[in-house]
There are 2 protein chains.
Amino acid sequence: MNKLKRNERIGALMNILTDNPNKIFTYNYFNDKFDAAKSTISEDIVIIKKLVEKLQLGYIETLSGVSGGVRYLPALNNSQILKLLDKMCKDISMGNRVIAGGFIYMIDLLYSPEWIYNIGKIFYSVFKDKEIDYIITVETKGIPLALMTAKIFNKPLIIIRKDSKITEGPTVSINYVSGSTKKIQTMSLARKALKEGSKVLVIDDFMRAGGTIKGIYDMMHEFDAKVVGTGILVSTEIPENKVVDDYVSLLKLKNINEITKSVEIAVNDDMFLK
Amino acid sequence: MNKLKRNERIGALMNILTDNPNKIFTYNYFNDKFDAAKSTISEDIVIIKKLVEKLQLGYIETLSGVSGGVRYLPALNNSQILKLLDKMCKDISMGNRVIAGGFIYMIDLLYSPEWIYNIGKIFYSVFKDKEIDYIITVETKGIPLALMTAKIFNKPLIIIRKDSKITEGPTVSINYVSGSTKKIQTMSLARKALKEGSKVLVIDDFMRAGGTIKGIYDMMHEFDAKVVGTGILVSTEIPENKVVDDYVSLLKLKNINEITKSVEIAVNDDMFLK
């Protein structure tokens, strides 16, 4: 391969960094890949670092140490987050989404890669200062957004199953009470799914009373794991008192009117205070 | 914002294109964003197009039409695919993965964002010439890799549920026979999950006899949808005759030895003939 020009190297570096958020690449890796001197790569990185900040694409972090390294942190600022959340509220209130029983049909949004990739970036921006080993969720609807969050954090995902007939070796099962229906349910997780003493970020799509999230906390207790944060896409305004209290909800569901088929939902401004 | 220099524009364009594979951006969008003439942006895109091909990062497609557009297709070539699959075989055969009943513990791999992002790129490379409206899977373990495939294709994901107690409005349920256990099971999908006449790509993590995949085909028949491809991460060598025949499996599981706890798995070379 012929040596690359500066603008080509910058394009290539940006491709690699953007495709692998939060992954540390050593300068040596780039020196070898582009057959360029370390000083040349360092200059490229300085240009990219300034560019990423100027365009508000997040941050480039350079790490010192034996060989040195660089990684891309795609954090959004509050005004970018607010703009995305405003758009999400519009998406949720529009269309005929109210279904019998006072539920909202959101599958098309929760399974849209672009929509949930943005949510992953928002959760990353909210929890980026926490030390996190795993992103954890419970099946099924929250999986896509938990995975996108894991992708941005570059950390493994853990999915707690509601089914105990699973072929994942020895499992730990716990019972929990769904806060809104008061029904007893079971969740299971493979013994080897996470190491003892891990720090986890809990992510889910929806929270009414918080019984399921409480169940995840109980499960984490069994694994001697520490919950360092809880991110919920939509929480309901009622009941006001949830069985869990330390969570960040991006959107607040105020009302579902089954007669007019309308949904009242708003950005949870409190999240910017955390 | 001050006008960007060429190498900054190239970095910024690469960031946007890499972050949004298969999404079409108009030249006007970039003109406005970077306050640059259309001819300038066109020259930038020419540089990026050549660079992406030179570094084998896929392709940049420029589309003509009223305003014109550009998109990034992160297709891998066969030698890149083979290298990734070889590494995956090593990951699967290493470690103590054999669990009672002749199953392999693969959760840590299937839920690792980096691992499955690569699988998404491989499935994209295999099926990129098909016209696809949705990526479809059945819960639970295949969801992450189906979602990453959906992210690369920039198409919505559909998850078929095994649970009929779902709050997604009217559903269609079908019974299917798990090919290996011969047990009758149920899968359900919300009526409004996909439009009639859609073209779908089926993605799953594992296939033994193919009963579950056959179930998905039956479900798609109920929605008058056409299955244009089926991608499986691991299929077993035995039984040789599956209940479905037209699928692409990336890896072939030859043997699980429960006594020596060893796994024999290989790249399915046939896939390169398709």
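**View 1. Helix α1(A) is mostly covered, with twelve of its 14 residues buried.** The model is predicted. The buried residues in α1(A) are N7(A), E8(A), R9(A), I10(A), G11(A), A12(A), L13(A), M14(A), N15(A), I16(A), L17(A) and T18(A). A residue counts as buried here if 20 or more other C-beta atoms lie within 10 Å of its own.

**View 2. Helix α1 of chain A spans residues 6–19.** From its first C-alpha to its last, this helix of 14 residues reaches 20 Å, close to the 20 Å expected at 1.5 Å a residue.

**View 3. Elements of both chains cover the buried residues of α1(A).** From chain A, the cover includes β1 (25–26), α2 (27–34), α3 (38–54) and β3 (69–73). From chain B, α1 and α3 are among the covering elements.

**View 4. Chain B and chain A meet in a contact that takes 46 residues from chain B and 46 residues from chain A.** On the side of chain B that touches chain A, two or more residues come from each of α1 (6–19), α3 (38–54), α5 (107–110), α6 (113–127), α7 (143–153) and β7 (157–160) of chain B. The largest share of this side, ten residues, belongs to α1(B). By residue type, the side of chain B that touches chain A has 26 nonpolar, ten polar and ten charged residues.

**View 5. Confidence of the prediction.** Chain A has an average pLDDT of 93, and 97% of the residues score at least 70. For the model, ipTM is 0.95 and pTM is 0.96. Where pLDDT is low, predicted coordinates should not be read in detail.

Definitions and conventions
Residues numbered from 1 in each chain as written. Chains lettered and ligands numbered in written order. Predicted model: local features only at pLDDT ≥ 70, side-chain atom pairs only at ≥ 80, totals over all residues. pLDDT = per-residue confidence, 0-100. Contact = placed C-beta atoms within 7 Å. Helix = DSSP H or I, 4+ residues; strand = E, 2+ residues; numbered from the N terminus. Nonpolar A, V, L, I, M, F, W, Y, C, P; charged D, E, K, R; others polar. Expected span 1.5 Å × (residues − 1).
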